[in-house]
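Open your viewer and get ready to select residues one stop at a time. We will walk through the structure together.

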Amino acid sequence: MEISVTEMNRATLFTISGRIDSSNANQLGDALNARIDAGTLNIVVDLEKVDYLSSGGLRELVGALKRVKNDDGDLRLCSLPPRIQDVLELAGLDALFQVFETQVLAVGSF
Amino acid sequence: MQEIRQLTVLGRYGYDSIPTITQFAAEAAKAALLDQDAVFHCQMAVDEACTNIIEHAYGEKNVGNIEITCFVEPGSCTFQIIDHGKPFDPDKVPVPKIGASLQDIRPGGIGLHLMRHLMDDVQFEFAQGGNKLTMKKSSAPQATPPQSIQIQQMPQDIWLIQPYDRLDATTAPELENTLIDLLQQGRFWILVDMAQVSYISSRGLKALASAWRQADNNNGALALCNINPQVLSVFETVGFTQIFTIHPSQNAALSAMSEQKISKK
């Protein structure tokens with residue numbers, strides 16, 4: 001898994017690629033939490049290049065979502081590959097996240 | 001015809017063993033000829049099962065081994081996962097509320113919920129001091145493509161090439177190299193049988209076109225046969241039906257090419 005973080009005007013963009021499972025999900029959690037600790041409230045996570053996401057990764061996303069929502073921020077997802085979209089729905093988490101087709105739409109939504 | 005595969009996961013590696021486990025599951029599911037979605041579902045279900053074992057049955061400390069046995073047969077794959085941790089009772093795991101609000105979301109139970117939805121059958125037993133989980137997934141068996149491009153010498157020194165599956169940026173170079181090798185050996189009579197090609201990208205088209213030009217320049221010919229309608233429409237769009245001679249079958253192509261070759265002598 002690779003994570004790149006870009007500060008945009010409206011939000012902080014996390015672009016992730018590769019596989020997210022319980023062996024590396026904490027890296028994602030650490031990256032998100034470090035920014036939230038530094039005061040980031042608006043987050044976009046681009047999952048276009050993610051080819052695998054298990055509950056370990058979902059847990060980190062939900063954890064970060066809870067933290068930013070507490071302070072009136074939000075964590076929004078974009079560019080979900082179909083299989084990742086399926087996982088989100090099966091896990092019953094699709095209603096919690098605002099999901100956008102593209103990065104531009106997700107960042108622009110803030 | 002059943003094949004049995006086994007993987008012993010050493011507890012001391014903890015979650016670091018998850019990539020090895022998902023790879024094992026994916027390979028077994030592919031060997032069972034499951035479709036791509038089913039292969040993905042097997043990976044996830046086995047991952048979730050082992051993640052739960054490490055986290056709950058072994059409590060993340062002094063993690064014991066996990067034994068995975070997979071029964072592979074065409075169209076179905078059964079995983080048996082054994083651990084020696086705390087007895088697991090699936091009925092005690094709260095069912096995650098679908099559509100629950102953020103405050104009510106509890107991360108626990110998502111793994112079990114996913115396993116039940118991703119696999120066709122999920123059974124838990126506690127026996128002989130261990131938990132035994134059995135999960136089965138089936139799908140219509142997928143045809144296995146040949147592992148590489150087939151090359152065959154036919155009568156009249158015509159060379160038959162049979163590419164397969166998709167001819168895109170990653171697979172076209174194999175065809176390109178096969179054609180270049182033949183041309184360098186002075187084989188200028190080539191028939192490409194497209195029967196197993198389901199998709200062609202510009203890279204694939206380019207490989208065929210440059211080989212066609214070389215064959216033509218050397219008083220030979222490169223012809224095609226058995227093109228499926230989708231691929232043919234790509235040929236039409238780019239005007240390649242004007243360049244290539246396209247035959248309806250391999251036999252028709254071979255006899256036409258033999259005659260053409262004899263008349264050129």
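Start by selecting B:N226, which is partly exposed with a relative accessible area of 24% (buried means under 20%, exposed over 50%, and partly exposed in between, using a 1.4 Å probe and protein chains only). Its phi is near 55°, a positive value in a residue other than glycine. Most residues other than glycine have a negative phi. You will find B:N226 in the loop between β11 (221–225) and α6 (229–237) of chain B. Those labels are DSSP runs numbered from the N terminus: helices are H or I with at least four residues, and strands are E with at least two.

A word on how to read this: the model is predicted, local features need pLDDT of at least 70, side-chain atom pairs count only at pLDDT 80 or more, and totals for chains, interfaces and linings use all residues. Residues are numbered from 1 along each chain as its sequence is written, chains are lettered from A and ligands numbered from 1 in the order in which they are written, and side-chain values use heavy atoms, with hydrogens and water left out.

Next, select B:Q156, in the loop between β6 (150–154) and β7 (158–162) of chain B. Phi is positive for B:Q156 too, near 65°, and this residue is partly exposed at 33% relative accessible area.

Now step back and colour chain B by domain: domain 1 covers 3–138 and domain 2 covers 150–264 (the bounds come from an automatic or database domain assignment). The C-alpha centres of these two domains of chain B lie 47 Å apart.

Which strand order does the open sheet of 5 strands in chain B have? The order is β1-β2-β3-β5-β4, with antiparallel pairing (two strands pair if DSSP finds at least two bridges between them). In chain B, β1 (3–9) and β4 (121–127) each have a single partner strand, so one side of each is left without a neighbour in the sheet. From one strand to the next, the twist averages 15°.

Zoom in on β2 (residues 66–73) and β3 (residues 76–83) of chain B: 8 bridges join these antiparallel strands. Here B:E67 stands opposite B:I82 in β3(B). Then show helix α1 (residues 18–31) of chain B, which packs on the sheet and touches β1, β2 and β3 of chain B (contact means heavy atoms within 4.5 Å). The direction of α1 makes about 175° with that of β1(B); axes are lines fitted to C-alpha atoms, for helices over the stretch in contact, and angles run from 0 to 180 degrees between N-to-C directions.

For the last stop, show the aromatic rings. The whole structure has 6 aromatic pairs over all chains (rings of Phe, Tyr and Trp, the last by its six-membered ring, pair if their centres lie within 6.5 Å; planes under 30 degrees apart count as stacked, over 60 as edge-to-face and the rest as tilted). Select A:Y52 and B:F40: their ring centres are 5.8 Å apart and their planes at 70°, so the pair is edge-to-face. A:Y52 lies in strand β3 (residues 42–53) of chain A and B:F40 in helix α2 of chain B, so the pair joins two chains. Both A:Y52 and B:F40 are buried.

Finish with B:F240 and B:F244, a tilted pair at 5.6 Å centre to centre and 55° between the planes.
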